Amino acid sequence: MVQQVGAVLVVVMALGGCATEKTSGEQLARVAKDWSLSIRASQVIPVYPLTEDVQPGDVFLVQTPVEEQVKIYLDKGFLPLENLLTRLPVTGYAELYRGWPKVGDGEAAPPRQWQFPSPDATEPDFSRAPLAAFPTYNFSVSRSTGLSVAIPVQSVPVGLNLLDSASANGTITLKDAYTYAVPARRTYDAILNWSRANIDYLEQFEPAGATQDGKSITKEFYLRVINRVYLVKTVDVSLFSNRGFGAAGSAGVPQPVQLLNIANASDAAKQFDAINQILAKAASPAGASAGDASAASIVGEAPAPVAVGGSVKLAMATSRSVSFVETFHRPLVIGYLASDYAILKGGRLATPVPTLNMLEGRPIPTTRAITYQGCDANCLQIRGWRKVAGNQAKLEDWLKAQGEAISISDLETGDHADLRRRVVKELIEGSN
Amino acid sequence: MALQPPSPQTNVPRDDTGNVVDAMLLDTRVKWIAVVFEATVGGVDRFTVTPYVDDPTTGG
């Protein structure tokens, strides 16, 4: 029994050093992408790494052009959440969650009352938070690629080592998922108020011309305002080995651990407890010192602590499969929905566009609608004149010099009679 | 600095829809335009003309 526990300890502890040594930037990027693709399939924009410090009303400055953002989103699977500008003092929870217990504005605004139910509470209580559910995701994992596990939970490398398998298929279930939101209309009001107070700051991000790959482009910047977040507290991971045990056993090499031998239920139960004790010690800071000392005495060397994100517990094991339950101390945000506001000339904000629409290439109206005013005499004159070679460029240059820089179609049939009159006078008649 | 993209226009009469579309397409960023029937007012069909900078059929 002691030998078996020692063997378990070796494989569990080995993964810490092994994963650290073999982890390359490329592998980490793959972890991020595969995880994010799974979350994206649920029509949620993934957060990576997982964090609890994202909430509705958070405003991020997006400095990447739209085209580049789409490219990054498709390549990496997620958008880095950098440049947090502010956390808007949004209201609207009381209105949106009318009748929902203990949800309101001010001190009752989520998620604080769930994270910290009372000032001296040490345990979170999300039992009253709105529930969410995600489908089960499948994945494949291979040790030959350096434990490049496609999900950001630690159970997978642990499980792979316990299975003593070079490759495995697995499923991941996001349990205890929650969501909450603030009405987009309220974030709209809040961001407009904030932008007016910070217009000098935003002005430096107004659209600017630039050259990229020899082409003239317009660099545009956005404010991304979070409207809804999704959180997860518990992750279930099941791994199924792609082959049986004992393929490469030899003298001096620890034999695979028989995790659950029904013929010897007593030993199986002890092994279960032993593994969970090891995992619990590895997951806690105290365990990394005191626990490792006792563990080291068993195997005769000082093992590296296992870096786990939450508490990992072995839930079930057979000769070809293991299941773990990984629980975070408090639920972490795994994804969000947001609105993007383009920063216009002078630091003004454009109409909001759902971030997901933009990233997924769904149709986005260019700006807000205007009412067709008819084509008056000046409009007719402009239409005929701009069709002459070279005149369209002249008209565009003239419009750019007018501050607002409206489009030609807006000029011709929008509410711009004075501007049309000036075009006719200064450009058309002036050139004759 | 580029001009602002063309705005969607509502209440466009049938006989001027082509000209409005033509003016919107002067902006090379516009990839796709939706013409949606609104109503018939006084015997004249009215449309909403909406330009898009992304092609919804390809996402690009």
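**A walk through the two chains**

Let's start with chain B: of its contacts between residues at least 6 apart in sequence, 51% join residues at least 24 apart, a contact being two C-beta atoms, placed from the backbone, within 7 Å. This is a predicted model, where local features need pLDDT of at least 70 and side-chain atom pairs count only at pLDDT 80 or more, while totals for chains, interfaces and linings use all residues. Residues are numbered from 1 along each chain as its sequence is written, with chains lettered from A and ligands numbered from 1 in the order in which they are written.

Chain B has one helix and three strands, and from the N terminus on they run β-α-β-β. Helices (H or I, at least four residues) and strands (E, at least two) are DSSP runs, numbered from the N terminus. Of the 60 residues of chain B, 28% count as buried. Buried is 20 or more other C-beta atoms within 10 Å of a residue's own, exposed is 12 or fewer, and partly exposed is in between, with C-beta atoms placed from the backbone.

Now for the cores, meaning sets of buried Ala, Val, Leu, Ile, Met, Phe, Trp, Tyr and Cys residues joined through C-beta atoms within 7 Å. The largest nonpolar core has 63 residues, and A:Ile191, A:Leu231, A:Val333, A:Ile334 and A:Tyr336 have the most contacts inside it. Strand E9 (residues 222-241) of chain A gives this core its largest share, 11 residues. Apart from that core lies another, of 16 residues, including A:Ile408, A:Leu411, B:Leu3 and B:Val12.

Next, look at helix H12 (residues 377-386) of chain A, where A:Asn378, A:Cys379, A:Ile382 and A:Arg386 are the buried residues. Seen down the axis of H12(A), they fall within an arc of 100°, so they line one face of the helix; the arc is that of the directions from the helix axis to the C-beta atoms. On the other side of H12(A), A:Ala377 and A:Gly384 are exposed.

Most residues other than glycine have a negative phi, and most peptide bonds are trans. The bond from A:Pro110 to A:Pro111, though, is cis, with omega near 10°. A:Pro111 sits in the loop between helix H4 (93-96) and helix H5 (112-115) of chain A. A:Lys102 lies in the loop between H4 and H5 too, and its phi is positive, near 60°. Over in chain B, B:Asn11 has a positive phi of about 70°, and its place is in strand E1 (residues 9-13). B:Asn11 counts as partly exposed because it has 19 C-beta neighbours inside 10 Å.
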